[in-house]
Amino acid sequence: MKVSVASLSALTLLIISSSQSLYAAEQPQSGGTLTWGVETEPNTLNPQLNGQSKAELILRVAYESLLARKPDGSYIPWLATGYSVSEEGKTYTFTLRDDVKFSNGEKLNADAVAENFRHAQDPAYCAGSSICALAGRIESVATPDEHTVSITLKQVYSPFLSFAAGLKLISPSSWTSPQLKSGGTDLAGTGPFILKRYEKGQQIEYVRNPDYHWASANARHQGPAYLEGVTYRFLPESSVRTGALLSGQVDVIEGVSGNDAGEFKDNADFSYQHALNTGTPYSLFLNVKYGPTQELKVRQAILQGLDISPILQSIYRGERTRVWGITSPVDPLYDASLVNKYGNNPTLANQLLDESGWKTKGADGIRTKDGKPLSIEIIQAQATVRDQRDVLLQALQAQARQRLGIDLKIRYVDSGTYTEVRKTGEFGSIANSNTDTDGIDIENHYLPVNAGGAINYSRTDAPEIIPLLKGASQTLDNTERKTFYGQLQHFAILQQALAIPLYEPEDQIAAASYVHGVGFRPFKQMPENAYDVWLSKH
Amino acid sequence: MTVESTFGSPRLPDTAPSWRWRILRRLLSGALVLWAAVTLSFISVYLAPGDIVSLLMGEQVQTPAIEAAIRAEWGLDQPLYMQYLHYLWRVLHGDFGRSYMLNTDVSSLVLSQLWPTLKLTGLALVVSLIFAVLMAVTTVHRRWGQRIAGSVELVLASTPSFWLGIVLLFIFSFTLRWFPVAGDRSFSSLVLPALSLGLSQGAVVSQVLRRGLEDALDEPFVLTLRAWGLGNATIRLRHALRHAALPAVTLTGWLIGGLLSGAVITEQVFGRPGLGKITVDAVLGKDLPVVLAVAIFSALVYVVLSTLVDILYLFIDPRLRDTSGEEKS
């Protein structure tokens, strides 16, 4: 089955590259503005404090980082020409370009960069965002000369590089701006576009940065952007985005539902692309400290008894990808060894349930033990219900009832209740996905809650996991890390059934045929970057 | 329609002291409503599940240092009653604080979102009143007209405004391209949202208004008017409508509430700026400063509008203008 995943991604690449070669005859041209219909409005425009994956699309055009990444996850120059890691693995040294300016005219030098890392360590600035935890590992930041920044960690921590390389840098004068936390025109970046206007609830406008000439090594051209400006219009409703693009009121949209994909796929007036997200798949994490899921056999029964693939097929019309492990198939740390290793085995599942004492079935077909029904409450935060996940959960619910006699209760909760539930740990399962790369997600999911496992929904503190996580984060060798995470994955999914991976969320882009060069950022696979986009006559 | 014509000719009731007393009482009760709105919102947000510090921290590693920084930054380290008193004190000085979630100044945030919402609900109100009056006046006491109008209204009233919005968009924006899909730039971008919000509410008012008209047309005075030789239209518009208007005006108060809450969804569908989304997000995220500011502003809108409705009563029904006729609301 490894083959099919590989061929699938090859096919995707083929589709993307063929759609580009289609227009290869035409030369990119400068000019015009682009209107992009987007799903998510950023809650803050400060690119460092904003934790919404979907806001990257909007903020990346103005704020840039030290290094860019190739699809395989390796690092290439951007605002830094290169980096080195000290022998013992604790000090990262970045060499900066000497010709980069923020859009307000301030120079990007070692001090400007160092200031970004220093603020990232200050709880008064970063509290509430994920950069706080990562920057908390910094021991000191030094600027040996005008173009060199050295960051020393308290101890070796391999995911740190991805944080340091990816931190979106803001200009020195930003730190004293009253807009610092909310973000806005005061916060100058180095990007190819400059934030011009933000109309809350409506749109955000950028204009071209005419001085820009430091595109990352993976960009398709150099010099200023082709577009004179780009406007992101907030259209939260998926059907409205589709309609707006079909009727020519916007040029590009992202977030296309499985039902609408067909409108663009087989339509010469539009292009359609999609790419898997990085990070943790959308999974049901099963609570090992509360309710029936405390029993290993119950968790095993859910893992083995459900048949996920046909459900995904019918809900998403084949537009979403089934996953089996703890991270995304596009992650370099991905280990495909669990593919088809479990699931769709109701006989085994029912046997496990019988063995564990959930034997008798009530009139409603739900198993009981000591008079109590086998009922598991799935918590889904209302804020993360998207992409027909509610329908998916309902389908799982029906299957679990029919095949296994398990009653999955779905509860959609507001964020207050969600934090409350996570704090008390009184839930059967939490369903969610995350996009962080480089093992950051894996640590957050599998470290014990009291040791910093911020999103350890299964609440596991199995002693077997710690050495694997430690081993992985304390080596800089990716092959070794992959081995550790592979072992972790076997333990967490196959042996312990801490989580039931469902599908890998993805991003979609549909664009009018006169829009060229839209695509996904290499590696992280978020919809990107207005920089390479150009418009042909239309 | 009726609203405009009555506003045009303000006639004050005769006895001055009672008029002043009324205004004073109005102002006092208005202030009381505002204070109650703030206090109740404050209490209910605190009683809602989830602690604000954990919410502000989100799904990330929580250390005592981060927690302390958040408490200090937002004044959450003070006792609750102090937080409440501080808040009241600041509001009296026009300072609504800073949003926990958006990190922006709340008064400018709410003010910038208030106008688009008021425009939308205002036009939706006009739409529903025009619709209601037209439907009621043209079909009352006409058997078939009444049946058809009745079923149209039933469909509209039971259609979710969300769905109506998508249908209107599909026809008039995506297919005919008469109106833009989103934004708040021109009047044309206001038309579809106002229709989708106004029609369903108007359908309810229309049914009440028609019933009122029916009763009014059965009154003996109509026979007198007919005997005078007045035409059907004149009787309906000039005389019967006035009789039927009181319950409809009362209902308009309810209508405005419905429009304001309906605006949440309409703004979402049409990608419009407005109070809707920030309010929902603020409530979900326990963003207390925003919730309180919205509560104050909506209470203010209610106070102003209900005062207007009361004044409107006086103009519609002269009997209420008697000195003995104290407020009946």
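On chain B, Phe170(B), Ile171(B), Leu176(B) and Trp178(B) together make a nonpolar surface patch of about 430 Å². Keep in mind as you look around that this is a predicted model.

**The patch on chain B**
- Phe170(B), one of the patch residues, has its place in helix 8 of chain B, which covers residues 161–175.
- Phe170(B) counts as exposed because its relative accessible area is 52%, and the cut-off for exposed is over 50%.

**Aromatic rings**
- Across all chains, a search of the whole structure turns up 21 aromatic pairs.
- In chain A, one aromatic cluster is formed by Tyr92(A), Phe117(A), Phe160(A) and Phe163(A).

**Arginines over tryptophan rings**
- In chain A, Arg322(A) places its charged end over the ring of Trp324(A), 3.7 Å from the ring's centre.
- In chain B, the face of Trp144(B) has Arg147(B) lying over it, at 5.0 Å from the ring centre.

- Glu528(A) belongs to strand 25 of chain A, made up of residues 527–528.
- Pro144(A) lies 384 residues from Glu528(A) in sequence, and their C-alpha atoms are 34 Å apart in space.

Definitions and conventions. Residues numbered from 1 in each chain as written. Chains lettered and ligands numbered in written order. Predicted model: local features only at pLDDT ≥ 70, side-chain atom pairs only at ≥ 80, totals over all residues. Heavy atoms only, no water. Phe/Tyr/Trp six-rings, centres within 6.5 Å; stacked < 30°, edge-to-face > 60°. Lys NZ or Arg CZ within 6 Å of the ring centre and 35° of its normal. Helix = DSSP H or I, 4+ residues; strand = E, 2+ residues; numbered from the N terminus. Patch = residues over 30% accessible without salt bridge, like charges linked within 9 Å, V, L, I, M, F, W, Y side chains within 5 Å. Areas by Shrake-Rupley, 256 points an atom, 1.4 Å probe, with all protein chains shown as cover. Salt bridge = Lys/Arg side-chain N within 4 Å of Asp/Glu carboxyl O. Buried < 20%, exposed > 50% of the residue type's maximum accessible area, 1.4 Å probe, protein only.
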